[in-house]
Amino acid sequence: MTKTEFWQGNIACAEGALAAGCRFFGGYPITPSTEIAEHMAVKLPKKNGVFIQMEDEIGSIAAVIGAAWTGARAMTATSGPGFSLMMENIGYAAMTETPCVIVNIQRGGPSTGQPTMGAQGDMMQCRFGSHGDYSIIALCPSSVQEMYELTARAFDLADQYRVPVFLMADEIIGHMREKILVPDSVPHKARRALVKGTLPFKAGADLVPGFPQFGSGYGVHVTGLTHDERGYPCATNPKLHEALVHRLVDKVEAARDRIADYDIINPDAQQVFIAYGAPVRTVQQLLHDRADDEVGLLQLRTVWPFPEKALYAFKNVERYLVPELNMGQIAREIERHATVPVQSLPKLGGELHTPRELAAALEAGR
Amino acid sequence: MSYEDWFRKDRLPHIFCAGCGNGTIINCTLAAIEQMNWKKEETVFVSGIGCSSRASGYIITDSLHTTHGRAIAFATGVKMANPNLNVVVFTGDGDLAAIGGNHFIHACRRNIDLTVICMNNQIYGMTGGQGSPTTPKGCLSSTTPYGCVESPFDLSELAIAAGANYVSRWTSYQVKELERAIKIGFETPGFSFIEAMVQCPTAFGRRNKFKQVADQIDYLRTHSLLKAKYDRLIEAGKPVPEDQFIVGELCRRQRPVMGAKP
């Protein structure tokens, strides 16, 4: 059974989190993400959950990580300036393999920029924003429906791979209202517990150790320092550090096919758009308006780890066109994998590309 | 229980310098826990970055050694998500009062049910002796080579002003008083702040004319002004010696709390 609602994207995000069992939200008000915090402040206390408004975004992500270690599904939501503040502790979450969900309703940057306008300028920051090498997972919704579904999936991925998972939405999708089908319940996979008596940071074949929840008698020491399989600091052993960082990266990168989530339209096309988030909607409109099926679309719901095998679907492709609300952040990543020219179609300022602009780009390159 | 069972013995030897006061504070903390009869699986230690913050790793319970200045914010998440846990924060003057100052005052304001034990050595020890927000005026450090010109924070006064339910200050010399204060901190619902003045022979004492470890401990002892004595001086309208700091129970009250055990 499903029910039909007419929701704002940010509300769908909060509801998706609640349906996935999120019971802790730590946040700080920031446009254009604030509706998520406000909705969680209303709903969490009624579900025996915790909502806490922290003193800043640094404290928000810290509290989320602390809550996650008690076993809670925990999340925060923010936008550019708050996202920048969170970076150090995001690296801590990656290093300590803390499952948590971070929602970024992207707005125009740099700095305070355009608080009420949409953008996709934080796509590289979410991948590489904290210092050192690590890997994360980033999902990009392009509809209110996907705000709900991808937020719910983010919690499963966070628990399964023990990484911070990012919902990289934008102001346009966050503040858009449209029809959504809400299921009665969302199935979710429980976090795999550490087998008692085994080392807390020793991983098996999937490279992900079991989770030693605080308060369960594991007596685990969790540190952001380079640590051995016991979790003990071991910061000057070069081989140990190299092995640890490789595992943190490999556990995500080796699973990229399982994490990958994308849609392919018109795989025989020669001209193929690749889009994620709000620009998907413009491409869909363009395809809808054309009588033929000569233009393809690869819609990415997973952007990190980048699902490069999706490109193999387009056997006849001659050119990829990549409309983004930034200066070509993911176009550059696509160039690393593509064997044909990649044309970046950047747009800044907060407005979407128009179908006409994309049609002109198609014609210009022929 | 014996508190010696609470040490994570396979982590030894510890990183603290010979003569460091931090071990004394850890001992007092565990002795207070022994009196409380807490269970290991119900207790979590959280710490930030610095010498004092390494303490969490030498105790056998669940522990979270976090980022610089953020221990209280992490601890807030732990405690709010599972109020049944006893959550204790180890921190230092730089971690708590410089980079972590905002989290400190807001946790006091919320009066969240944590016990925060600050090992105040008045210096950044781990990075080699830079001036901290509690380095006294005139004292030498590697970043105050001509004497510190800034005024120091009084951390306990800060905690009281910000709303903590329980505040005590003692030194590494007054171990029985400190142990008792920590126990009262554990017993008091809400935010409890214990400021433990400690010697740092390597980074502070060496530069500030404390040739022996005992010299600095003796300085802490002789410059401690008991709260009761301080109150008598004030009452009599007599001057309070400027180079002394007040020790004792500085605040105990029952403001509304967050995150207390159900």
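Reply: Let us start with A:Ala152, which lies in helix 6 of chain A, where helices (H or I, at least four residues) and strands (E, at least two) are DSSP runs numbered from the N terminus. This is a predicted model, in which local features need pLDDT of at least 70, side-chain atom pairs count only at pLDDT 80 or more, and totals for chains, interfaces and linings use all residues. Residues are numbered from 1 along each chain as its sequence is written, while chains are lettered from A and ligands numbered from 1 in the order in which they are written.

Me: Is A:Ala152 buried or exposed?
Reply: A:Ala152 counts as buried because it has 23 C-beta neighbours inside 10 Å. The cut-offs are 20 or more other C-beta atoms within 10 Å for buried, 12 or fewer for exposed, and partly exposed in between, with C-beta atoms placed from the backbone.

Me: And what does A:Ala152 touch, leaving out residues up to four places away in sequence?
Reply: With that exclusion, A:Ala152 touches A:Gly16, A:Ala19, A:Ala20 and A:Val186, a contact being a pair of C-beta atoms, placed from the backbone, within 7 Å. A:Pro187 is 35 residues from A:Ala152 in sequence, and their C-alpha atoms are 9.1 Å apart.

Me: Zooming out, how many residues are in the largest nonpolar core?
Reply: It has 177 residues, and those with the most contacts inside it are A:Met75, A:Ile137 and B:Val78. A nonpolar core here is a set of buried Ala, Val, Leu, Ile, Met, Phe, Trp, Tyr and Cys residues joined through C-beta atoms within 7 Å. Helix 6 (residues 144-161) of chain A provides the largest share of this core, 10 residues. The core also draws at least three residues from each of domain 1 (2-183) and domain 2 (263-364) of chain A, the domain bounds coming from an automatic or database domain assignment.

Me: What is A:Ile137 in contact with, beyond its neighbours within four places in sequence?
Reply: Its contacts are A:Leu157, A:Tyr161, A:Val163, A:Val165, A:Phe166, A:Val252, A:Ile259, A:Trp304 and A:Pro305. Two of these residues, A:Trp304 and A:Pro305, are joined by a cis peptide bond with omega of about -10 degrees, and A:Pro305 is in the loop between strand 14 (302-304) and strand 15 of chain A.

Me: Where else is there a cis peptide bond?
Reply: One joins A:Gly109 and A:Pro110, with omega of about 5 degrees, and A:Pro110 sits in the loop between strand 5 (100-108) and strand 6 of chain A. Most peptide bonds are trans.

Me: Back to the two domains of chain A, how do they meet?
Reply: Their centres, taken over C-alpha atoms, are separated by 25 Å, and the contact takes 26 residues from domain 1 and 19 residues from domain 2 of chain A. On the domain 1 side, helix 5 of chain A gives the most, with four residues. The residues on that side divide into 16 nonpolar, seven polar and three charged, where Ala, Val, Leu, Ile, Met, Phe, Trp, Tyr, Cys and Pro count as nonpolar, Asp, Glu, Lys and Arg as charged, and the others, Gly among them, as polar.

Me: Which residues of helix 10 of chain A are buried?
Reply: In helix 10 (residues 279-289) of chain A they are A:Pro279, A:Val280, A:Thr282, A:Val283, A:Leu286 and A:Leu287. Seen down the helix axis, these buried residues fall within an arc of 160 degrees, so they line one face of the helix; the arc is that of the directions from the helix axis to the C-beta atoms. On the other side of helix 10, A:His288 and A:Asp289 are exposed.

Me: How many residues does each chain put into the contact between A and B?
Reply: Chain B gives 28 residues and chain A gives 34. Helix 2 of chain B supplies the largest share of the chain B side, eight residues, and by class that side has 10 nonpolar, 12 polar and six charged residues.

Me: Which strands pair across the two chains?
Reply: Strand 10 (residues 221-223) of chain A and strand 2 of chain B pair in the parallel sense over three bridges, pairing being called if DSSP finds at least two bridges between the strands. The bridge partner of A:His221 in strand 2 of chain B is B:Ser63.
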